[in-house]
Amino acid sequence: MSDYLWDKTGEPDAETERLENLLGQLRFQPTPFDLPAELPVRETRVARTPRSVVTWPRLALAASLTLAVLAGTWLMLRQQVGTTDDEPEIAKQSNQTDAGGKHSASAAPKASESATENNAVGEGKGTETPAAVPTQDGEGRREEQVAAPRRPRVPDLVENTPLRLPRAVAPHSSRGESAGATKRRDNLTAPRVEPKRREETAQLRAEREAAEKVLYALLVTSEKLNYARQQVQETARGEDNR
Amino acid sequence: MYNVEATGELLLSGHTQATAPREAADERGQEAALVEQVRAGDREAFGRLYARYGRVVHGILLARVPYGEVDDLVQDVFMTALRKIDTLRDAGSFGPWVAMIARNRAMDFHRRSRETTEVTEAVAQTRAEQREAVEVLNLIRQLPEAYREPMILRFVEGMTGPEIAERTGLAPASVRVNIHRGMKILRERLAGDAGEGAMR
């Protein structure tokens, strides 16, 4: 099947022919092409790397580094917020302990106190006391030893947990401390097990503020990256046009 | 009157399609050799590529930018191609690659200038005998985008359908359908213009 419009075979249609003649006036007239003095040769290709290959990994690296730094800053801020929230509470508890003695302590410090005493009894008998359940009589303690799985004692937790104390409390050293000092320290650490609601609210507020700061920093960084990308693209386009 | 509604028939017919793959492979081989020569610094080889693809680039630009601007842009496109020829991965695909450069250059042109004033100027600057041709060209430029390029390459640059497909990297079946459909719409619009002229 001949199709003049497709491949110029067969009989031409009158209108097609007329259009060809009319529009043929606008056909490309090859003009001498002004070649530059030197053509690019293969060696330059090896030496020169396309801009896109170089620029994007650099930008990606810069972005990931920025994100890592920001994440680190955010974590540090969070830790600091946690510390500053804890310190006043500890100081307050310390004052209460100094003023009121045993009566101001809550149930949890009592428990840890008893556990310390029990531990001392156990050591006196030459047996190990894995459980830190406060009981008054020896029978009850033995039953608990059989039934309950081994749990870490509160004093163990206190010793193993790095605790940042305010200067007023700091002089108590862990080595060679008296029984009173142990009790005071237990009183200090016990409220951390059940934090109060007000403390939580303050901490949450601080965390929210820190998160907002990080988000703002991310936003600024993102804007900067966008600007850098635009600059790179414009430069590349400018070079292409040249 | 043309009846090109049966697209399936158009796609299936066409005896030239059987020999097309072999010819296309030869063309690609020659093209790749020319590109390699240009990369090695052969100026003549680039001149041959220019002669071979000048019409394609001209037609693609003519489908998008005013007639008066096309010649300068053709030079621009080939200069860009020469500068970036090292980035062409498949040396046998110079045609589709340079066609894409031409399309991008036309888009850049529109980003930086206002077409409306330049079209009027271009029409005013053309000679009287070319004026009718430019008017028909403007009618073609008002066709749907897919039809413009093949129509201009076919009627202005005088290329055949298989040539258009091979040089631009478009599918032959698409080129065929687009030429026929574009021609149908152009006839209707030309008839409409003639009717309006008679009324006046």
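Colleague: How much of chain A counts as buried?
Modeller: Of its 242 residues, 10% count as buried. Buried means 20 or more other C-beta atoms within 10 Å of the residue's own, with C-beta atoms placed from the backbone. This is a predicted model, where local features need pLDDT of at least 70 and side-chain atom pairs count only at pLDDT 80 or more, while totals for chains, interfaces and linings use all residues.

Colleague: And what share of chain B is buried?
Modeller: In chain B, buried residues make up 38% of the 200 residues. Residues are numbered from 1 along each chain as its sequence is written, and chains are lettered from A in the order in which they are written.

Colleague: How many helices and strands does chain A have?
Modeller: Nine helices and zero strands. These are DSSP runs numbered from the N terminus: H or I of at least four residues for helices, E of at least two for strands.

Colleague: How many in chain B?
Modeller: Chain B has 10 helices and zero strands.

Colleague: Switching topic. How many residues of chain B are in contact with chain A?
Modeller: 42 residues of chain B are in contact with 27 residues of chain A. Contact means C-beta atoms, placed from the backbone, within 7 Å.

Colleague: Which elements of chain B give two or more residues to that side?
Modeller: α2 (20-39), α3 (43-62), α4 (67-84), α7 (128-141), α9 (161-168) and α10 (172-199) of chain B.

Colleague: Which gives the most?
Modeller: α3(B), with nine residues.

Colleague: How do the residues on that side of chain B divide?
Modeller: Into 18 nonpolar, 15 polar and nine charged. Ala, Val, Leu, Ile, Met, Phe, Trp, Tyr, Cys and Pro count as nonpolar, Asp, Glu, Lys and Arg as charged, and the others, Gly among them, as polar.

Colleague: Back to α3(B). At what angle does α3(B) pack with α5(B)?
Modeller: About 40°, with the axes 9 Å apart. α5(B) covers residues 94-112. Axes are lines fitted to C-alpha atoms over the stretch in contact, and angles run from 0 to 180 degrees between N-to-C directions. That angle makes α3(B) oblique to α5(B). Under 35 degrees is roughly parallel, over 145 roughly antiparallel, 65 to 115 roughly perpendicular, and the rest oblique.

Colleague: Which residues meet there?
Modeller: From α3(B), L49(B), Y53(B), V56(B), V57(B), I60(B) and L61(B). They meet F94(B), G95(B), V98(B), A99(B), A102(B), R103(B) and A106(B) in α5(B). By class, that contact has 11 nonpolar, one polar and one charged residues.

How values were computed
Two residues are in contact if their C-beta atoms, placed from the backbone, lie within 7 Å. A residue is buried if 20 or more other C-beta atoms lie within 10 Å of its own, exposed if 12 or fewer, and partly exposed in between; C-beta atoms are placed from the backbone.
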